[in-house]
Amino acid sequence: MENKDIIVRAATADDKHYAKTITDEMEASAKARGTGIAKRSPEYVQLKMEEGKAVIALTTSGEWVGFCYIEAWGHEKFVANSGLIVNPAFRGHGVAKAIKEKIFELSRKKYPDAKIFGLTTGLAVMKINSDLGYEPVTYSELTDDEEFWKGCRSCVNFDVLTAKNRKNCLCTAMLYDPVEKEKEAREKAAAAAATAIAVNGTAAAVAVSPATDEGKKKRKFKGNFSLFERWMRYKKYVLLKASRKMGGGGAPGVSKKRFFFFSWL
């Protein structure tokens with residue numbers, strides 16, 4: 001993070017007086033982007049602080065800089081890092097990345113076996129998630145907890161989500177699966193050991209492991225954000241166009257559309 005005068009840490013009950021400022025900025029930011037978020041009250045944010053399930057960023061003088069909190073779903077099988085918000089005066093200085101890294105660390109500590117997921121339309125957040133090990137997934141791989149999906153009702157694009165039977169929307173779903181990550185780590189270690197043996201001349205060849213192929217997929221995703229951004233614009237155009245047609249009483253024009261986002265990853 002560029003600004004050394006900013007502290008990113010776990011929030012506590014002593015930070016509750018920032019709650020109203022945080023929720024006001026969440027709402028204002030959502031309106032400015034033209035998208036929606038699950039609206040949270042100051043009391044809800046305060047509860048997250050009291051439970052130790054939030055991260056806050058402050059200047060050394062006590063000015064509020066940013067915030068994010070943890071929500072558990074599906075009997076704690078899934079965890080979402082929600083409500084990421086940065087004070088407009090401090091944007092563009094790496095604050096969001098620092099908060100995401102800290103909330104991810106806190107989530108792994110509190111829920112080590114849970115899958116961590118997120119829904120976002122922001123390319124910058126997608127880049128941060130990718131660096132942390134998240135991968136883009138279909139909505140079907142997320143929690144089926146109805147309470148989570150109820151939070152989408154306050155989004156301006158909720159009609160798009162419902163029209164697609166909760167299988168697609170403007171947001172991109174990303175997931176970190178600790179079981180898969182542990183498996184990949186073991187496979188990579190085994191592949192590295194096999195490669196070392198081959199280099200030493202005790203093996204003729206080393207087969208490429210599934211983990212190596214997976215690593216190539218991720219590098220390709222990270223290296224093609226401009227392509228991904230164009231895809232997101234196209235996806236937004238098609239889904240919103242279909243939504244307007246449905247709202248106007250026309251036949252749903254999206255039914256014949258097929259999104260092959262994962263084919264190029």
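This note goes through the aromatic rings of the model, point by point.

1. The model is predicted, so local features need pLDDT of at least 70 and side-chain atom pairs count only at pLDDT 80 or more, while totals for chains, interfaces and linings use all residues. Residues are numbered from 1 along each chain as its sequence is written, and side-chain values use heavy atoms, with hydrogens and water left out.

2. The structure holds 10 aromatic pairs, where rings of Phe, Tyr and Trp (its six-membered ring) pair if their centres lie within 6.5 Å, and planes under 30 degrees apart count as stacked, over 60 as edge-to-face and the rest as tilted. One of them joins tyrosine 134 and tyrosine 176, a tilted pair at 6.4 Å centre to centre with 55° between the planes. Because tyrosine 134 lies in the loop between helix 4 (123-132) and strand 6 (135-137), and tyrosine 176 in strand 7 (residues 172-176), the pair ties together parts that are 42 residues apart in sequence; helices (H or I, at least four residues) and strands (E, at least two) are DSSP runs, numbered from the N terminus.

3. Tyrosine 134 is buried at 3% relative accessibility, and tyrosine 176 is buried at 11%, where buried means under 20% relative accessible area, exposed over 50% and partly exposed in between (1.4 Å probe, protein chains only).

4. Phenylalanine 148 and tryptophan 149 have ring centres 5.0 Å apart and planes at 80°, so this pair is edge-to-face. Phenylalanine 148 is buried at 12% relative accessibility, and tryptophan 149 is buried at 5%. Ring pairs also link these two residues with Trp73, Phe78, Phe117 and Tyr139 into a cluster.
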